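Let's take a friendly walk through a protein model. Have a look at it before you read on.

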Amino acid sequence: MYDFEYQRATSVGDAISKHSAADDPRFLAGGMTLIPVLKQRLDQPTDIVDLGDLEDMRGISEEGGSIVIKAMTTHHTVNTSELVASKIPALAYLAGTIGDKMVRNRGTIGGSLATNDPAASYPSAVLALNATIKTNSREIPADEFFLGMFDTALEDNELIISVSFPIPDEAGYKHFPNPASRYPIVGSFVAKTSSGVRVGITGAGPCAFRITEFEEALVGNYSADAIREIKVSDDGLNTDIHASAEYRAHLINVMTRRAIGE
Amino acid sequence: MPSIKMTVNGKEVSGEVEGRTLLVQFIRDHLGLTGTHVGCDTSQCGACTVHVNGRAIKSCSLLAAHVDGSDVQTIEGLADGDTLHPMQEAFRQHHALQCGFCTPGMVMSAIGIVNDNPDPTEIEIREALEGNICRCTGYHNIVLAISAAAKEMKA
């Protein structure tokens, strides 16, 4: 692997100041995306600011009707959390579908969201549950966070501290895994609350997005039948060796129906 | 260069490494523990699996400096003298290896699986082995071995 300056942060403030002082730095959370990316030289930062020592950035709590997951919490911890399982079981289930056991032992929710891989699982839940992303400087609503492929609303030197997920009345997640990598070719997260229904889709486009036609149809009739005949446009969806845009559009409907419980 | 310290197989070790040094390079090149293998080097195959603070991880995808201060266990730390760990013994008994390249990672991963789920079904074992690839495709006996070892480890 090519060389970089390795720095270890002792606090959130220290992480921000080390990051601000460096030329072209990256934060290192679990490293499950960043390290492979560095090895392939797809990204060549000058500095790595390691967040591994920031124990106060790990943990899950319930605060005022929301589940708050701190940024350095691993997928394994979310997957096996009794609190998450009792309040938003679909979110615990989603965390257990990411990567493999070893990846889930290191990969973090903050790292996943900051990377915003087109096939990352968490963004669908963040959108559907209308989560709020808290950084060191502000709170970012889910609808304003995901900007495009590997692109988010995070500014330079801005670090995700936690993610707050309002507890829904009902939620479900289903994905169609790539048979080799297990990344979702399409994943759909559906959440129903007193203020309506939200549907977050991942894997299908450059980044996660909502399907408002589904949401409107599901408000009055929260069932698979309500969306069965709604054809999703394949405009702008991803095409690769695994699936065409047209096939992904088809899968969006199927996965959403399954997420509702078909 | 970061200077790091960790416990590997119960022994305190330390060394000067480059920031870019991977945990697997530290284990193999600095400590000479070559039981941990590098297969794909892209965090897919699981041959490099070791335990860090009791959790199975892929050591080709972690910086050594990132796990400074951790407790690391490798395949070399499992046996007690000439007595194999029950998982190693089960792999031997059930002929759960062909070429053997993936075996250290399979065994470390398998112990992690049984630690999390002491009584796994065949399907649970197969799903939990998602991150370990055997190019000889010898999965059948690996699954049998893990199932047998789980019973032995519970006893």
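## Before we start

This is a predicted model, where local features need pLDDT of at least 70, side-chain atom pairs count only at pLDDT 80 or more, and totals for chains, interfaces and linings use all residues. Residues are numbered from 1 along each chain as its sequence is written, while chains are lettered from A and ligands numbered from 1 in the order in which they are written.

## Chain A

Chain A holds 11 helices and 14 strands (DSSP runs numbered from the N terminus: helices are H or I with at least four residues, strands E with at least two). Its radius of gyration is 18 Å, close to the 18 Å from the globule rule for 262 residues, so chain A is as compact as a globular protein of that length. The radius is taken over C-alpha atoms, and the rule is 2.2 Å times the number of residues to the power 0.38.

Of the 262 residues of chain A, 51% count as buried, meaning that 20 or more other C-beta atoms, placed from the backbone, lie within 10 Å of the residue's own.

## Chain B

In chain B you will find five helices and five strands. From the N terminus on, they run β-β-α-β-β-β-α-α-α-α. Of the 155 residues of chain B, 46% count as buried.

## The core

The largest nonpolar core has 128 residues, of which A:L91, A:V126 and A:F189 touch the most other members. Helix 3 (residues 103-116) of chain B gives the most to this core, with seven residues. Such a core is a set of buried Ala, Val, Leu, Ile, Met, Phe, Trp, Tyr and Cys residues joined through C-beta atoms within 7 Å.

How values were computed: A residue is buried if 20 or more other C-beta atoms lie within 10 Å of its own, exposed if 12 or fewer, and partly exposed in between; C-beta atoms are placed from the backbone.
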